[in-house]
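Thanks for coming. I will take you through one structure, and please have the sequence and the model open while I talk.

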Amino acid sequence: MPVLPPPVWQTIERLEQAGFTAWVVGGCVRDSLRGQTPHDWDLTTDARPEQMRTVFPQAKPTGLQHGTVTVPVQGMALEITTFRTEAAYTDGRHPDRVQFVRRVEDDLARRDFTVNAMAYHPIRGLCDPFGGQNDLKHGLLRAVGDPDARFTEDALRILRGVRFAAKTGFVIEQKTGYAMRRQLARLDGIAPERVLTELNGLLTGRYVGRALRSERQIVAAVLPELTPMFGLCQHNPHHLYDVWEHTVRAVEAVPDDLILRWVMLLHDSGKPHAYTIDAQGVGHFKGHPRISRTLAEQALTRLRASNALREMVCKLVELHDYPLGQEQKIVHRRLSRLGERCVRQLLAIKKADCTGQNTFSIHLAELQQTERLVNALCAQNACLSVRDLAIDGNDLCAMGFSGPAVGQTLRGLLAAVLDGAVDNQPDALRAWAARQKEDNRHE
């Protein structure tokens, strides 16, 4: 059972000493029962907001229309909400009417899933009217009461359920899953930012592959760019799976970094639009990275992703097939052009892409060779830009260069260093620049 931090226990005591009833509720109870440390502690009580503010003068109103105040206690910010029921969700997201009630069981009945509809009191024990503890034990995600009613009230719960499954590995109970799919049209009314938040959580979940496979219809309801990939056979010796299964495997294989997961989800979204098949029956997808970039831009713009996330994902989607090389000179140039961070991201993407193909292990060996070269060049602090050259514009001016010739010469020096034609040492660079100046004078 949950072990309450002293500030939480003291807050319950103060409410009950004032004549009210209080419980910890929701995610903190669920996580405690799973043996995890809760990120925060929420309380519920029969005290009204004005009564809570009498008990806790320091309380801040953070949702009075829903009976919620936040109480700072010994460095913790505890959210306390009055027992309530809700009715008439005109916008499919927020209740039109909230009614305060006296029983915690009535409050729990309005919640989304049974595993979130439990309350705990250090003396009275667990209040679990809907079997949440048993569902938790069996890894089952079940809606509280009538599942259609729960998703009609708040359609975001559909995505929240898939995100929770991706995080925990829980299986969505059959009737709950059917109801989620019946209510998919309601997702059209959800704010894009809220949809994005749930998708971000889903993609970084430990069980993301299982969730994408089992709930692809739900994910595609908010990311229609994915639908053409479902079941598309690639007819190509480099690919063992259809486009969607390859995509899911690639998402699973890449580290749980948000940018990389988005890239792998969308990197082949352009394949269905670029698909051709030759006379030998082999499938080809010429130009699909650029099409995939367009679709990624479309999806992330619609979801109102940050500029930083959208731009980085789109860049990497377009570059995912860009060769990094297995020779030092080529890898050096790639590092110079793209930067170390981008090259390392592309290495992770290419490894995941190769794993998702499950055909040619030699490609992984080539990527490992590329990575060794990247590591060696970065360990040597290799020259990657004009700023890394051992001489600068002032040195060239002292040699008699002026105007545009300074910049042109610095760029020429960088190209020579990248080609291995000259060492990045002051004397060697000055000698190269002097020869170039002399050659230009005789032209």
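Some ground rules come before that. The model is predicted, so to speak of local features I need a pLDDT of at least 70, and side-chain atom pairs count only at pLDDT 80 or more, while totals for chains, interfaces and linings use all residues. Residues are numbered from 1 along each chain as its sequence is written, and side-chain values use heavy atoms, with hydrogens and water left out.

Let us start with the strands. Two strands pair if DSSP finds at least two bridges between them.

Strand E3, residues 60-63, and strand E4, residues 68-73, are antiparallel and share three bridges. Within that pairing, Gly 63 has Thr 68 as its bridge partner, and Lys 60 is opposite Thr 70. Four residues sit between the strands of this hairpin, and Gly 67 there has a positive phi near 80 degrees.

E4 also pairs with E5, again in the antiparallel sense, over six bridges. Here Thr 68 is opposite Thr 81 in E5. This second hairpin has two residues between its strands.

How enclosed is E4 by the rest of the structure? Largely, because five of its six residues are buried. Buried means under 20% relative accessible area, exposed means over 50%, and partly exposed is in between, with a 1.4 Å probe and protein chains only.

Now to backbone angles. Most residues other than glycine have a negative phi. Gln 74 has a positive one, near 50 degrees. Gln 74 is in the loop between E4 and strand E5, which runs 76-82, and counts as exposed because its relative accessibility is 57%.

Arg 304 is another non-glycine residue with a positive phi, about 60 degrees. Look for Arg 304 in the loop between helix H15 (288-302) and helix H16 (307-319). Arg 304 is exposed too, at 53% relative accessibility.

Arg 182 belongs to helix H8, residues 174-182. Which residue does the side chain of Arg 182 join in a polar contact of 2.7 Å? That residue is Asp 148. A polar contact is a pair of N or O atoms within 3.5 Å; within protein, one must be able to donate a hydrogen and the other to accept it, and residues adjacent in sequence count only if both atoms are side-chain atoms. Arg 182 and Asp 148 are 34 residues apart along the chain, with their C-alpha atoms 7.9 Å apart. Arg 182 is exposed, with a relative accessibility of 53%.

His 121 is in strand E8, residues 119-121. Is His 121 buried or exposed? Buried, at 1% relative accessibility. From His 121 to Ile 12 is 109 residues in sequence, but 8.6 Å in space, C-alpha to C-alpha.

On to the cysteines. A disulfide here is a pair of cysteine sulfur atoms within 2.5 Å, and by that rule there are zero disulfides. Cys 127 is in none, and the nearest cysteine sulfur, in Cys 28, is 13 Å away. Cys 127 is buried, at 8% relative accessible area. Cys 233 is partly exposed, at 40% relative accessibility.

Last, the second largest pocket, with a volume of about 530 Å³. Its lining has 21 residues, and the closest to the pocket centre are Asp 321, Lys 350, Asp 353, Gln 357 and His 363. A pocket, on a 1 Å grid over the protein atoms alone, is an open set of points where a 1.4 Å probe fits, with protein on both sides within 12 Å along at least five of seven lines; lining residues have an atom within 4 Å of a point. The volume is the space filled by probe spheres set on the points, and grid points are joined across faces, edges and corners.

Helix H18 (340-357) and helix H19 (361-379) each give at least two residues to this lining.
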